Each structure stands twice: as C-alpha cells, then as structure tokens.
Amino acid sequence: LPDGAAQFQHFRDVQGEWTRFGERLSRENIDDKEWSGVPLLLRRVYDAGDDMIFMSKGLDAAKRETAKKLASDFRSGIKNADRPAQAKDRDAVISAYRATAPLLSGFLDLTSDVPAEL
C-alpha cells in the first residue's frame, strides 16, 4: 500500500486488536502463557502513535497539534501499561485500555472530514 494508506490500515488493524484484547480482558482473565505475549502486543499497539503522527501531516495546523497530543497521550498510556502487563496486573492493563482506546477513536474522529450530521 502507498504511504498514508499503509499507515491507516496498520492503525485500524492495531485499533481492532487492542479493542478485542481490552474487551476480552475486561470480561475474563487470561492464562500465564497469554500474559507473556501482552508486552509484545503493547509494543505493536504503541506503534500506532507513529501512524497517528504520519497521518496527521495532512491536517490543518490546529488539528495537527491536537493529533500530536492524542498520539503522545496514547503512547504514554501504552508505555505505562508495560510494567503492569509484565507483572500480570489485570486491573492496571484494563485501566490502560480504557484510558487509551478513546484516544484512538478521538483521532479517527479528528481526521474524518465527514460532517457529523450524516
């Protein structure tokens, strides 16, 4: 895929993966084997911040600054979940999910040029 489309596709894939994981973890605990893969998931999810920065380049200045703040806050939230994930702290990882998932949705809303009335 060309630049822009590739970042958008990766962003949406990661958003879906993070949502599925976060919702599932909210409903049920996971076994030790799956916990061992959570830090790797967090690293993949963290990279969505790079996609957000890349996709914000085409926005006007005000939206671009908002997008950069969303990306920064998102990365920070994911980074802060790493140690709790290594310690298998389910509540902390769920909290990180609940704090960061809306940032991804907010970014999509920010970049959408479709009027809200539709």
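A crossing of two helices is left-handed if the near helix is turned anticlockwise from the far one by less than a right angle, and right-handed if clockwise. The model on display is predicted: local features need pLDDT of at least 70, side-chain atom pairs count only at pLDDT 80 or more, and totals for chains, interfaces and linings use all residues. Residues are numbered from 1 along each chain as its sequence is written, and side-chain values use heavy atoms, with hydrogens and water left out.

**First stop: α1 and α6**

Select residues 5-27, helix α1, together with residues 90-111, helix α6. Helices here are DSSP runs (H or I, at least four residues), numbered from the N terminus. The two pack at an angle of about 145°, and their axes lie 10 Å apart; axes are lines fitted to C-alpha atoms over the stretch in contact, and angles run from 0 to 180 degrees between N-to-C directions. The crossing of α1 and α6 is left-handed.

**Second stop: α3**

Move to helix α3, residues 48-55, and select A48, G49, D51, M52 and M55, its buried residues. Buried means under 20% relative accessible area, exposed over 50%, and partly exposed in between (1.4 Å probe, protein chains only). These residues cover an arc of only 160° around the axis, which puts them on the same side of α3; the arc is that of the directions from the helix axis to the C-beta atoms. They pack against α1, α2 (32-46), α4 (61-80) and α6.

The axes of α3 and α4 come within 9 Å and cross at roughly 175°. That makes α3 roughly antiparallel to α4 (an angle over 145 degrees). The contact joins A48, G49, D50, M52 and I53 of α3 to K68, L70, A71, F74 and R75 of α4.

P102 is in helix α6 and is partly exposed, at a relative accessible area of 49%. Its C-alpha atom is separated by 9.2 Å from that of F74, 28 residues away along the chain.

Finally, select K88, in the loop between α5 (82-86) and α6. K88 has a positive phi of about 60° although it is not a glycine.

Conventions:
Contact = heavy atoms within 4.5 Å. Parallel < 35°, antiparallel > 145°, perpendicular 65-115°, else oblique.
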